[in-house]
Amino acid sequence: MKAHRVLVSQPRPAVVEKSPFYELSQKHKAEIEYMPFIRVVGVSLKEFRSQRVEILAHTAVIFTSRTTVDSFFHICEEARITVPETMKYICQTEAVALYLQKYIVYRKRKISFADGSFTNFIELIIKHKEEKFMLALSEPHKPELPETLAKLKLQFSPVILARTVAADLNDLDIKKFDLLALYSPSDVKA
């Protein structure tokens, strides 16, 4: 069976020609459509407050994604919380650290980042073990990081700042596609 129409559950790439699906579509003369099945949204102020986490009681924030960065500063703005200049930020990757520039003045002493590997990230957190951490998470998330921080007996408060929700797929006729390319369990649920 040959697949003529393929639906990819991802946003359309900025440069379609650089996508691996472009080569496949050219080689097999298939029509590729892109439609994200999920989206990540920040939690509301009410949901954040229900978690009973006080931002100003922490001296450092651990970020694993840009979505949690957006949600954190949105919550601070909505709750009229001024984040102190002394707050430290620990990021899983340099891309997340650089994204912080959107909200704060980038200073090397305030922002630390790992190379993306889990062990390097944990080593970086251990270097700042005297801090009281707020762990910014999205839901669903891997329990690996909170469990490791608990094993290391570090002071931290996990807080859900973003949720993965299903996109509106009511106008999608799935029968007109020969093949679906799904990327996560959340895509399958959607």
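Guide: Helices (H or I, at least four residues) and strands (E, at least two) are DSSP runs, numbered from the N terminus. Helix 6 gives the most to the lining of the largest pocket, namely three residues.

Visitor: What is this model, and how are its residues numbered?

Guide: It is a predicted model, with local features needing pLDDT of at least 70 and side-chain atom pairs pLDDT 80 or more, while totals for chains, interfaces and linings use all residues. Numbering starts from 1 along each chain as its sequence is written, and side-chain values use heavy atoms, without hydrogens and water.

Visitor: What makes strand 4 and strand 5 a pair?

Guide: A pair takes at least two DSSP bridges. Strand 4 (residues 60-63) and strand 5 (residues 88-91) have four and run parallel, so they count as paired. F63 stands opposite C91 in strand 5. From strand 4 the chain passes through helix 3 to strand 5, in a right-handed β-α-β crossover.

Visitor: Why is a crossover called right-handed?

Guide: With the strands pointing away from the viewer, the path from the first strand over the helix to the second runs clockwise. Strand 5, helix 4 (residues 94-99) and strand 6 also form a right-handed β-α-β unit.

Visitor: How many bridges join strand 5 to strand 6?

Guide: Three bridges join strand 5 to strand 6 (residues 111-113), in the parallel sense. Y89 has I111 in strand 6 as its bridge partner.

Visitor: Which elements supply at least two residues each to the lining of the largest pocket?

Guide: Strand 7 (133-139) and helix 6 (144-151) do. In the second largest pocket, helix 3 (residues 66-78) gives the most to the lining, with four residues.
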